[in-house]
Amino acid sequence: MLPITDETTVETVALAESKQPIETTQVEATTVGEPAKPPVEVEEIHTEQASTDKVQAKSHVAEKKEEPNPLLLDPYDFDRCTVTIVFTRVGDQQASISVHNHKDDPLVKTFPLVEVPLPEEIACGIEKLLEIWPDGKVSATMVLLPQEDESERRMVVSIRTGNDTPVVLTGTASEFPLPPSITTLLDELKELLPARAMQQIEKEAKKKSKAAPRTISSKTSASTAKPASANVDGKTQMTLF
């Protein structure tokens with residue numbers, strides 16, 4: 001009897017495995033002279049389940065809607081909409097003041113620092129931040145919240161430098177009396193609100209008109225405008241010229 005070589009062993013193992021029922025694809029070493037390697041299982045991909053998961057994922061994304069910005073839901077009424085005032089120190093002698101409503105363009109003016117005396121609590125907060133960061137850009141954002149019923153209007157103040165954590169103050173508007181330079185800007189904004197409301201209505205109308213579907217397709221109009229060719233003695237008008 002001939003001795004069993006390595007090649008014979010490889011062929012015998014491969015033949016025996018081929019006769020057994022295999023649920024997963026197996027890969028064997030077929031190179032002559034190399035030892036047999038254990039079969040590698042290849043995971044089966046269930047296409048039906050994968051496609052179902054993709055459809056469910058797409059539907060989940062479609063159902064997720066972004067919540068509208070609450071500022072955009074405010075009416076164009078000075079007392080019933082959010083008004084934002086931003087005070088920024090410009091050097092040691094000047095201050096920049098901007099006021100705006102909704103997401104409309106702000107009114108911006110620069111004043112001498114002495115003409116913009118802030119309420120004591122806000123001024124103290126700014127001075128403390130300047131002591132810590134003397135070269136930092138310190139700003140105070142004062143937000144007049146919409147007035148509710150007959151209650152007094154409230155204000156939220158955020159004082160910060162750069163991207164540092166802000167110092168937040170809250171109270172009624174009367175607790176934070178504003179200087180005349182800022183109240184004058186607020187009066188100008190109040191007068192502009194009706195015109196800004198009309199501009200917003202026009203923007204919304206343009207968006208709706210662009211989103212409206214076309215009633216007549218270009219193909220239909222092209223086919224309607226194309227004249228029918230007439231035959232003259234077996235020739236069309238186009239072939240006569």
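In this predicted model, D149 is exposed, with a relative accessible area of 73%, where exposed denotes over 50% relative accessible area, buried under 20% and partly exposed the range in between, for a 1.4 Å probe and protein chains only. D149 belongs to the loop between β4 (138-144) and β5 (154-161), helices (H or I, at least four residues) and strands (E, at least two) being DSSP runs numbered from the N terminus. Although D149 is not a glycine, its phi is positive, at about 55°. Residue numbers start from 1 along each chain as its sequence is written, and side-chain values rest on heavy atoms, with hydrogens and water left out. Local features require pLDDT of at least 70 and side-chain atom pairs count only at pLDDT 80 or more, whereas totals for chains, interfaces and linings use all residues.

A positive phi, of about 50°, is also found at H102, which is not a glycine. H102 is placed in the loop between β2 (94-101) and β3 (107-112) and counts as buried because its relative accessibility is 5%. A polar atom of the H102 side chain lies 2.7 Å from the backbone oxygen of D74, and the side chains of H102 and N101 are joined by a polar contact of 2.9 Å. Such a contact is a pair of N or O atoms within 3.5 Å; within protein, one must be able to donate a hydrogen and the other to accept it, and residues adjacent in sequence count only if both atoms are side-chain atoms.

Both H102 and D74 are among the residues that line the largest pocket, together with L72, Y76, K103, D104, Q200, K203, E204 and K207. A pocket is here an open set of points on a 1 Å grid over the protein atoms alone, where a 1.4 Å probe fits and protein lies on both sides within 12 Å along at least five of seven lines, and lining residues have an atom within 4 Å of a point. The space in the largest pocket amounts to about 190 Å³, a volume being the space filled by probe spheres set on the grid points, which are joined across faces, edges and corners. Helix α5 provides the largest share of this lining, 4 residues. By class, the lining of the largest pocket comprises 2 nonpolar, 2 polar and 6 charged residues, with Ala, Val, Leu, Ile, Met, Phe, Trp, Tyr, Cys and Pro taken as nonpolar, Asp, Glu, Lys and Arg as charged, and the others, Gly among them, as polar.

The second largest pocket holds about 170 Å³ of space and is lined by F78, L144, R153, A173, L178, T183, L186, D187 and K190. Here, too, the largest share of the lining, 4 residues, comes from α5, while the division by class is 5 nonpolar, 1 polar and 3 charged. Of these lining residues, R153 lies over the face of F78, at 5.4 Å from the ring centre; the criterion places NZ of Lys or CZ of Arg within 6 Å of the ring centre and within 35 degrees of the ring normal. T183, in helix α5 (residues 180-211), counts as partly exposed, at 31% relative accessibility, and its side chain reaches the backbone oxygen of P180 at 2.9 Å.

T88, in strand β1 (residues 83-90), is buried, with 13% relative accessibility. The C-alpha atoms of T88 and T141 are separated by 8.6 Å, although these residues are 53 residues apart along the chain.
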